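Subject: Handover of a structure

Dear colleague,

Please find the structure below.

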Amino acid sequence: MSVSICRSSRGSIRDATGPDERGLDAHDRAIVLATQAGLPLVPDPWGAVGREVGLEGEEVLARMRAMEARGVIRRVAAVPNHYRLGYVANGMTVWDVDDAEVERLGREVAAIEGVSHCYRRPRHRPHWPYNLFAMLHGRSREEVERQAEALRARLGEACRDHRILYSSRILKKTGLRLARRAPLA
């Protein structure tokens with residue numbers, strides 16, 4: 001499991017004993033530090049984190065939810081290694097979709113099995129007309145191309161063009177990391 005951390009409005013999360021501008025106190029910071037490399041893969045991950053930071057598991061979960069509500073934590077999600085699962089063809093599909101339809105169609109595309117990421121992005125004409133991005137994973141390029149064709153059919157007349165940009169290497173996915181500091185005396 002992965003925990004994605006958001007930067008504060010000033011671009012960083014303060015190291016302080018009291019709460020910062022988002023209410024991040026010493027316990028919250030300890031929770032972020034304990035989870036930034038991922039949650040432990042155990043039956044009770046909140047309890048395991050709690051034992052590490054000196055809190056009950058229920059308190060850790062409540063604090064994580066509160067930090068998510070404040071925007072300190074963006075999300076808690078599984079981050080699968082697609083390659084280890086046999087999905088070695090990974091293609092970011094980019095679509096030139098009618099702006100009047102992109103919100104509705106983007107929600108539909110995001111709900112399709114096999115789409116792991118779906119984003120609306122600004123166009124950069126004349127060289128980049130694409131405004132909808134959807135990541136597809138397959139065991140072969142042919143499988144990804146079949147998925148893209150099905151997606152193209154779903155977008156219908158609202159879609160003018162698309163491309164598939166295949167991954168050429170694996171990049172390590174990590175969120176913001178807080179520096180571990182010695183406890184304040």
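Which residue just after α3 takes a positive phi? That residue is Gly 71, with a phi of about 90°.

Before the remaining findings, some conventions apply. This is a predicted model, in which local features need pLDDT of at least 70 and side-chain atom pairs count only at pLDDT 80 or more, while totals for chains, interfaces and linings use all residues. Residues are numbered from 1 along each chain as its sequence is written, and side-chain values use heavy atoms, with hydrogens and water left out.

Helix α3

Helix α3 comprises residues 57–70; helices (H or I, at least four residues) and strands (E, at least two) are DSSP runs, numbered from the N terminus. Its 14 residues reach 20 Å from the first C-alpha to the last, close to the 20 Å expected at 1.5 Å a residue (the expected span is 1.5 Å times one less than the number of residues). The buried residues of α3 are Gly 57, Val 60, Arg 63, Met 64 and Met 67. They lie on the same side of α3, because they cover an arc of only 125° around the axis (the arc is that of the directions from the helix axis to the C-beta atoms). Glu 58, Arg 65 and Ala 69 are exposed on the other side. Here buried means under 20% relative accessible area, exposed over 50%, and partly exposed in between (1.4 Å probe, protein chains only).

Asn 131

Asn 131 lies in the loop between β4 (115–120) and β5 (132–138). Asn 131 is buried, with a relative accessible area of 1%. Not counting residues up to four places away in sequence, Asn 131 touches several residues, including Trp 95, Asp 99 and Tyr 119 (contact means heavy atoms within 4.5 Å).

Aromatic residues

The whole structure holds two aromatic pairs; rings of Phe, Tyr and Trp (its six-membered ring) pair if their centres lie within 6.5 Å, and planes under 30 degrees apart count as stacked, over 60 as edge-to-face and the rest as tilted. The rings of Trp 128 and Tyr 130 are edge-to-face, because their planes stand at 75°, with centres 4.8 Å apart. The rings of Trp 128 and Phe 133 have centres 6.3 Å apart and planes at 50°, so that pair is tilted. Trp 128 is partly exposed, at 27% relative accessible area, whereas Tyr 130 is buried at 5% and Phe 133 is buried at 15%.
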